[in-house]
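Q: I would like to learn how to read local features and helix packing from a model. Please take me through some examples.

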Amino acid sequence: MLGNLLSGVLTLLYKFLISLSRAQKSVILMALDLFWVCVAFSLSQLLMSPFPENITMLWQNAWYLAILLPVGALVIYVVGLHRIKLNAYGMNDMVNTGALAVIVGAAGYAASFLQIGAHPPVGGSFIAFAMFFIVLSVTGRMLLLNLVFTLFRRNQNRKRVLIYGAGQTGQQLAAALMTDDEFEAECFVDDDPALQKLSIRGLRVYSPREINDIVKQYDIDRIVLAMPSTSHATRMRLAKGLNNVGCEVLGLPSFAEMVVRGEETQQAAPVKLTSLLGRSALATELPTSAEPYKGKTILITGAGGSIGSELCRQVLAFQPSKLVMLDHCELSLYNVGREIDEICGETAIALELGSIVHEDFIDEVISEHGIQVIFHAAAYKHLPLVEENSLEGLRNNVLGTRIVADAARRAEVERFILVSTDKAVRPTSIMGSSKRLAELVVQDLATRSVSTRYSMVRFGNVLGSSGSVIPLFEKQIRHGGPVTVTHPDVTRFFMTVSEAVRLVLLAGTFSRGGDVFVLDMGKPIRIVEVARKMIETAGFSVRDKLNPEGDLEIEFTGLRDGEKMHEELLIGSDMLTTPHPKILRAQEKSLSELEMANALQELRRAVENRDKALANAVLHKWVEAYSEETRETAEADVS
């Protein structure tokens with residue numbers, strides 16, 4: 001009962017404190033300091049003579065408060081004593097408070113001499129008054145500070161942090177976390193035996209041998225390595241050794257480094273993506289044309305993804321009248337919507353949350369907004385996941401594309417551009433086959449469309465996109481390795497997000513109907529070379545047979561199910577030129593209207609009946625080069 005009452009009082013006090021404005025807090029500190037003036041004066045008078053004479057002296061000199069209080073209030077206001085609040089970072093404010101307290105006492109005492117007929121107290125009482133006021137003013141603020149911190153911690157569900165390193169950086173971090181909304185420091189760990197079992201800033205220092213017990217005892221959520229003076233390699237090895245303690249491990253540079261060097265203090269410095277291409281970047285070489293998009297109402301499906309979000313950004317430069325962003329992921333759509341809303345200018349923005357497999361929803365979006373151009377970037381693209389969830393991958397990538405593309409034809413949308421992938425060329429995976437079937441769907445509609453121009457854009461791996469190797473390698477490097485590569489000889493075509501999106505935009509301007517556009521991306525790149533370059537750019541060396549003392553190891557895991565050793569961009573050898581020499585148009589076979597109808601009917605039946613065997617049979621039947629032989633070839637490459 002008493003505990004519940006106390007808890008309720010503390011909660012009300014916390015709500016009261018956080019509701020106060022800065023001016024109200026200053027008034028409270030002013031009132032508190034004036035109260036300490038009275039207390040300090042009374043104590044100084046009682047100290048000057050023995051009892052009971054001191055009581056008589058106190059009453060005789062009590063009228064000096066009429067001088068001290070207004071003078072003290074004036075001086076407090078002028079020197080700003082009521083605006084000084086102690087914090088968690090050191091003694092500077094305590095010194096400032098004490099110095100200003102002396103000024104208040106001196107001003108009040110001097111004012112007493114100016115009063116006609118006044119008999120000021122003896123000089124010793126002034127010294128006593130000043131000392132009492134200093135102690136009371138500073139102590140009062142410290143008590144308030146501890147009260148606020150206690151109430152703050154009690155009402156915040158913060159994550160617990162163990163700080164590895166009790167030096168200057170660790171202490172600064174502990175002080176900073178005292179008022180953090182999300183994290184709180186629980187204790188230190190340090191290799192120095194002289195620091196162990198001490199308390200620094202109220203936190204106990206433990207030995208590294210006790211980490212496992214500490215994590216369980218304090219329910220630690222995160223370990224922060226606050227040892228900026230040690231080498232990167234040492235920190236990385238230490239972080240790797242702590243991976244089994246059951247919580248996240250992060251490194252921290254010194255605060256001085258962060259100020260002086262800024263982003264350069266990151267443990268794994270981000271590699272410039274263009275340096276991984278093995279060729280010059282083409283983003284600036286690719287032309288732009290605003291004519292097909294200026295003043296149009298544009299729909300981008302998959303707007304929350306890597307390609308979709310970059311499409312949103314670049315399309316805005318063409319000043320469309322309205323940009324409609326569609327995605328089935330609420331968080332992704334919210335994030336890209338918030339970003340685009342800040343830079344949209346006069347372009348109207350609309351967010352549509354839903355899936356492309358719902359035909360009524362797609363028809364409603366196109367009709368309601370009067371869509372004129374569609375960029376279809378929505379797809380499941382993570383190869384192993386689609387391999388394991390083949391029916392949903394086919395439903396989304398094939399049937400969903402058919403729904404959006406057919407709705408565009410019915411609504412007489414001017415342009416429809418499909419974002420495809422090099423994995424659609426002679427595919428050995430469900431994901432690649434689903435994208436090839438999506439291409440065949442668009443090619444089929446292009447032969448029967450009068451008003452809508454259909455085109456497809458096929459490109460390789462996009463550097464830095466979600467699910468690509470670059471974010472994976474960066475994470476593995478941050479955590480001390482190993483960096484995993486499927487096979488030492490595996491290669492891929494790479495392009496930047498900017499190049500990919502520029503190609504998509506150009507495809508809409510070059511399209512004549514049913515075109516497949518590809519970008520000349522030079523020679524394919526070995527993935528192991530990408531991993532090696534990222535490790536070295538991060539400031540580490542590769543550990544292998546030639547360099548057994550290196551920092552990070554590259555580990556080969558073997559090709560995943562459905563993964564090819566080498567990707568291709570073209571099914572056939574026939575290529576047509578376009579207005580730009582780096583962009584080519586592929587001539588490829590397509591299914592007839594009857595064949596496409598049969599393929600989609602069989603695929604729908606397989607998806608609705610959850611029949612994976614039938615779905616696989618559909619792919620073998622209708623997707624060229626998708627067969628067990630191609631799978632066996634890929635597996636033979638590995639061996």
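This is a predicted model: local features need pLDDT of at least 70, side-chain atom pairs count only at pLDDT 80 or more; totals for chains, interfaces and linings use all residues.

Q: Where does arginine 426 lie?

A: Look at the elements on either side. Arginine 426 sits in the loop between β11 and α16, the helix of residues 430–448. Its backbone is worth a check too. Phi is positive, about 45 degrees, although arginine 426 is not a glycine.

Q: Glutamate 412 also has a positive phi; what is its value?

A: Phi of glutamate 412 is near 55 degrees. Again, the residue is not a glycine. Glutamate 412 belongs to the loop between α15 and β11, the strand of residues 415–421.

Q: Is glutamate 412 buried or exposed?

A: Apply the cut-offs again. The relative accessible area of glutamate 412 is 53%, so glutamate 412 is exposed.

Q: How do I read a loop residue by its partners? Which residues does glutamine 372 touch?

A: Set aside residues up to four places away in sequence, then list what remains. Glutamine 372 touches Gly295, Lys296 and Thr297, and also Val413, Glu414 and Arg415. Now compare sequence with space. Glutamine 372 and threonine 297 are 75 residues apart in sequence, yet their C-alpha atoms are 5.4 Å apart. Glutamine 372 lies in the loop between α13 and β10, the strand of residues 373–376. Its relative accessibility is 23%, so glutamine 372 counts as partly exposed.

Q: Next, helix pairs. At what angle do α13 and α15 cross?

A: Take the axes, then the distance and the angle. Helix α13 covers residues 359–369, and helix α15 covers residues 390–410. Their axes come within 10 Å and cross at roughly 40 degrees. The two helices are therefore oblique to each other. The crossing is right-handed. On the α13 side, the contact uses Glu359, Ile362, Asp363 and Ile366. On the α15 side, Ile403, Val404, Ala407, Ala408 and Arg410 take part. By class, these contact residues are six nonpolar, no polar and three charged.

Q: How are α17 and α19 arranged?

A: Helix α17, residues 469–478, packs on helix α19, residues 527–537, at an angle of about 45 degrees. The axes are 10 Å apart. That angle makes α17 oblique to α19. The crossing of this pair is right-handed. From α17 come Ile470, Phe473, Glu474 and Ile477; they meet Ile527, Val530, Ala531, Met534 and Ile535 of α19. The contact has eight nonpolar residues, no polar ones and one charged.

Q: Are α11 and α12 roughly parallel or roughly perpendicular?

A: Read the angle before naming the class. The axes of α11 (residues 306–316) and α12 (residues 330–343) cross at roughly 10 degrees and come within 11 Å. An angle under 35 degrees counts as roughly parallel. The pair is therefore roughly parallel. Ser309, Cys312, Arg313 and Leu316 of α11 meet Val336, Glu339, Ile340 and Ile343 of α12. The contact divides into five nonpolar, one polar and two charged residues.

Q: Finally, the whole chain. How many helices and strands does the protein chain have?

A: The protein chain has 22 helices and 22 strands. Of its 639 residues, 49% are buried. Its accessible surface is about 30,900 Å², and 56% of that belongs to carbon and sulfur atoms. Among contacts with a separation of 6 or more, 75% join residues 24 or more positions apart.

Methods: Residues are numbered from 1 along each chain as its sequence is written. Side-chain values use heavy atoms; hydrogens and water are left out. Axes are lines fitted to C-alpha atoms, for helices over the stretch in contact, and angles run from 0 to 180 degrees between N-to-C directions. Helices (H or I, at least four residues) and strands (E, at least two) are DSSP runs, numbered from the N terminus. Angles under 35 degrees count as roughly parallel, over 145 as roughly antiparallel, 65 to 115 as roughly perpendicular and the rest as oblique. Contact means heavy atoms within 4.5 Å. Ala, Val, Leu, Ile, Met, Phe, Trp, Tyr, Cys and Pro count as nonpolar, Asp, Glu, Lys and Arg as charged, and the others, Gly among them, as polar. Buried means under 20% relative accessible area, exposed over 50%, partly exposed in between (1.4 Å probe, protein chains only). Accessible areas come from the Shrake-Rupley method with a 1.4 Å probe; for residues, only the protein chains shown count as cover. A crossing is left-handed if the near helix is turned anticlockwise from the far one by less than a right angle, and right-handed if clockwise.
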